[in-house]
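I set down here what I looked up in this structure, entry by entry.

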Amino acid sequence: MTSVRLPENVTQAAKWVRDRLGEIPQRGIVLGSGLGVLVDGMTSARDVATEEIPGFPPSTVVGHAGRLVAGELDGVPVLALKGRVHGYEGYSQEQVVFPVRLMAALGVTHLLLTNAVGSINRLYHPGDLVLVEDQINLMFRNPLRGPNDPEMGPRFPDMSASVCSEMASIVRDAARDLATPLRVGVMGGVTGPSYETPAEIRTLGRIGADIVGMSTIPELIAARHIGLCAVPISCVTNYAAGISAQQLDHSEVTEVAERARGVFRTLVVEVLRRC
Ligand code: HPA
């Protein structure tokens with residue numbers, strides 16, 4: 001994995017982080033909205049504020065603490081990013097995928113991406129966990145736009161398996177063994193920050209999306225580009241617009257994500273342990 005050539009600003013940031021955190025675990029996790037609690041109670045933790053990392057785009061979202069933490073989660077070594085960067089904050093796609101490339105430069109080989117999503121599929125309900133098997137990029141942007149370094153990854157990466165199948169199997173097996181209910185679905189990725197309209201959600205449902213979210217898609221593309229094994233697990237925090245009569249509110253998203261944390265944390269630890 002580390003054999004690919006990553007951009008200069010990424011390798012410099014990695015050196016900066018390594019100087020401060022020491023040995024870096026090979027398993028990584030990116031924590032979505034309200035999901036920072038998934039890594040509460042980490043032991044032997046060393047951390048840095050992401051805003052101090054050279055080149056790291058500063059996070060502006062409530063509920064995202066902005067820390068990169070190396071430590072152990074129930075005995076499993078993990079590098080955790082609390083505070084991902086979203087396109088709706090005004091960043092370029094290249095900035096959005098900086099943390100994923102940084103984690104790869106630090107030696108992470110398996111990356112779990114968590115996020116909060118709205119459900120479109122009527123069988124999925126708030127609190128459900130969904131293994132994302134495939135994605136529809138409705139952000140109409142791509143983090144690989146621009147000159148391509150063939151030493152980093154292919155110009156036209158194959159996306160027929162954007163999600164790492166090895167990790168997806170681990171997620172399925174871990175959920176089965178823990179008797180954790182797990183849905184499997186396709187994620188539609190939108191830019192936000194406004195939530196979708198009911199007509200948009202009906203459209204997304206018709207083209208095959210089970211869930212909708214404002215992150216993760218660029219990260220998966222960037223991971224695939226450099227051969228980093230990555231898989232998303234989403235937490236349904238709300239019915240998407242028009243699926244229920246309820247109005248959408250970000251506080252509901254963080255509240256539901258926090259309520260799902262016990263089950264989610266157990267699954268996350270087991271997946272990371274098996275990677
Ligand atoms: N739409 C888009 N992104 C989201 C949603 C939603 O309903 N809920 C959480 N993230």
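Entry 1, disulfides. I searched the whole structure, a predicted model, and found one disulfide. Cys164 and Cys229 form this bond, with their sulfur atoms 1.8 Å apart. I looked up the torsion about the S-S bond of Cys164 and Cys229; it is about -60°, so the disulfide is left-handed. Cys164 lies in the loop between strand E6 (129–137) and helix H4 (165–178), and Cys229 in strand E9, so the pair ties together parts that are 65 residues apart in sequence. I noted that both Cys164 and Cys229 are buried.

Cys235 is in no disulfide, and the nearest cysteine sulfur, that of Cys275, is 19 Å away. Cys235 counts as buried, at 0% relative accessibility. For Cys275, I found the closest cysteine sulfur in Cys229, at 7.1 Å, which is too far for a bond. Cys275 counts as partly exposed, with 22% relative accessibility.

My search of the whole structure gave one aromatic pair. The ring centres of Phe56 and Phe98 are 5.8 Å apart and the planes stand at 85°, so I recorded the pair as edge-to-face. Phe56 lies in the loop between strand E2 (43–49) and strand E3 (67–73), and Phe98 in helix H3 (residues 98–105), so the pair ties together parts 42 residues apart in sequence. Phe56 counts as buried at 6% relative accessibility, and Phe98 counts as buried at 4%.

Within helix H7 (residues 250–259), I listed Glu252, Val253, Thr254, Val256 and Ala257 as buried. Their cover includes strand E5 (110–119), strand E9 (229–239) and helix H8 (261–274).

How values were computed
Residues are numbered from 1 along each chain as its sequence is written. This is a predicted model: local features need pLDDT of at least 70, side-chain atom pairs count only at pLDDT 80 or more; totals for chains, interfaces and linings use all residues. Side-chain values use heavy atoms; hydrogens and water are left out. Buried means under 20% relative accessible area, exposed over 50%, partly exposed in between (1.4 Å probe, protein chains only). Helices (H or I, at least four residues) and strands (E, at least two) are DSSP runs, numbered from the N terminus. Contact means heavy atoms within 4.5 Å. Rings of Phe, Tyr and Trp (its six-membered ring) pair if their centres lie within 6.5 Å; planes under 30 degrees apart count as stacked, over 60 as edge-to-face and the rest as tilted. A disulfide is a pair of cysteine sulfur atoms within 2.5 Å.
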